[in-house]
Amino acid sequence: MTAAEETGTFRGIRVGRVAAPLREQVIDGLRTAILEFELKPGQRLVERELIEQTGVSRATIREALRELAAEGLVVTVPQKGALVYKPSADEARDLYAVRASLEALTVRRFIERANAAHHDRLRATVTALEQDVEAGADMHTLLRDKDLFYTELLAGAASPTIEQILGGVQARVRLLRATSMSQPGRAAQMAAEMRALVDAITARDVACAERLCTEHLEHAAATGLAALDGVGKQGA
């Protein structure tokens, strides 16, 4: 690995002086570099280099890194500073297992508690996801679509307890989700799985919906873990 790779140098971030605020431009540039694996899992994000690359202040860089940490894409490690999040294989498996249990419970609560408007909004999020997959949308757009799906699912489930716990898990699996969806054919497969799941939810078939939810996460875990292993070997 080169020194540039170890410290997280990347191309592609363009900070202008108009349009979006500088902070948002820096966040978007870093997020894109991480989700498209220009910045590899485990790479350092050195403030001085980011300042040189973007021309913004240290305060802006620190705000951007805090935001990305809240999204689960960056972690801060003592003596090392900010790093692109890289879960171990065991951590990733545990995160997917926890996700599967929580999301199956969320689906059950949605079926029990959601009204017609909740169902309409949930179906609309899957339609938007399908359209974006078909159009070849970028990873940030697809992740946003999945976030909207979970927002509506949690709204209909009406459980603050589940929402709080699942929210913490979702932040930590964001990079894993991007890793999985970046693999050839996985985005289309994921959209088909989400459509089948929402159809079962609409039919109020709890057993089927829980099974499809679990299967969706099993497929995501298998794809994501294999891809994460490949990314790690490339950076070795």
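Two residues are in contact when heavy atoms of each lie within 4.5 Å. In the predicted model described here, 74% of the contacts in the protein chain between residues at least 6 apart in sequence join residues at least 24 apart. The model being predicted, local features need pLDDT of at least 70 and side-chain atom pairs count only at pLDDT 80 or more, whereas totals for chains, interfaces and linings use all residues. Residues are numbered from 1 along each chain as its sequence is written, and side-chain values use heavy atoms, with hydrogens and water left out.

The protein chain contains 11 helices and three strands; these are DSSP runs, of H or I over at least four residues for helices and of E over at least two for strands, numbered from the N terminus. Their order along the sequence is α-α-β-α-α-β-β-α-α-α-α-α-α-α. Of the 236 residues in the protein chain, 46% are buried (under 20% relative accessible area, with exposed meaning over 50% and partly exposed in between, for a 1.4 Å probe and protein chains only). The protein chain exposes about 11300 Å², of which carbon and sulfur atoms supply 53%; accessible areas come from the Shrake-Rupley method with a 1.4 Å probe, and for residues only the protein chains shown count as cover.

On a 1 Å grid over the protein atoms alone, a cavity is a set of points where a 1.4 Å probe fits but cannot get out, while a pocket is an open set with protein on both sides within 12 Å along at least five of seven lines; lining residues have an atom within 4 Å of a point. Grid points are joined across faces, edges and corners, and a volume is the space filled by probe spheres set on the points.

The largest pocket holds about 220 Å³ of space. Helices α7 (139-157), α8 (160-172) and α9 (174-181) each supply at least two residues of its lining, and α7 gives the most, with four residues. Among the lining residues are Asp147, Tyr150, Gln170 and Arg177. By class, the lining of the largest pocket comprises four nonpolar, three polar and four charged residues; Ala, Val, Leu, Ile, Met, Phe, Trp, Tyr, Cys and Pro count as nonpolar, Asp, Glu, Lys and Arg as charged, and the others, Gly among them, as polar.

Tyr150 also takes part in the one aromatic pair of the structure. Its partner is Phe149, and the arrangement is edge-to-face, at 5.3 Å centre to centre and 80° between the planes (ring centres of Phe, Tyr and Trp, the last by its six-membered ring, must lie within 6.5 Å; planes under 30 degrees apart are stacked, over 60 edge-to-face and the rest tilted). Both Phe149 and Tyr150 are buried. Glu152 lies in helix α7 and counts as buried because its relative accessibility is 17%. Beyond its neighbours within four places in sequence, Glu152 is in contact with Phe110, Arg121, Leu122 and Thr125.

One cavity of 30 Å³ or more was found in a search of the whole structure. About 50 Å³ of space lies in this largest cavity, and the elements giving two or more residues to its lining are α9, α10 and α11 (206-234). Helix α9 gives the most, with three residues. The lining of the largest cavity has three nonpolar, two polar and four charged residues, including Lys146, Ser180, Met190 and His216.

Met190 is found in helix α10 (residues 186-202) and is buried because its relative accessible area is 1%. Leaving out residues up to four places away in sequence, Met190 touches Leu129, Lys146, Met181 and His216.
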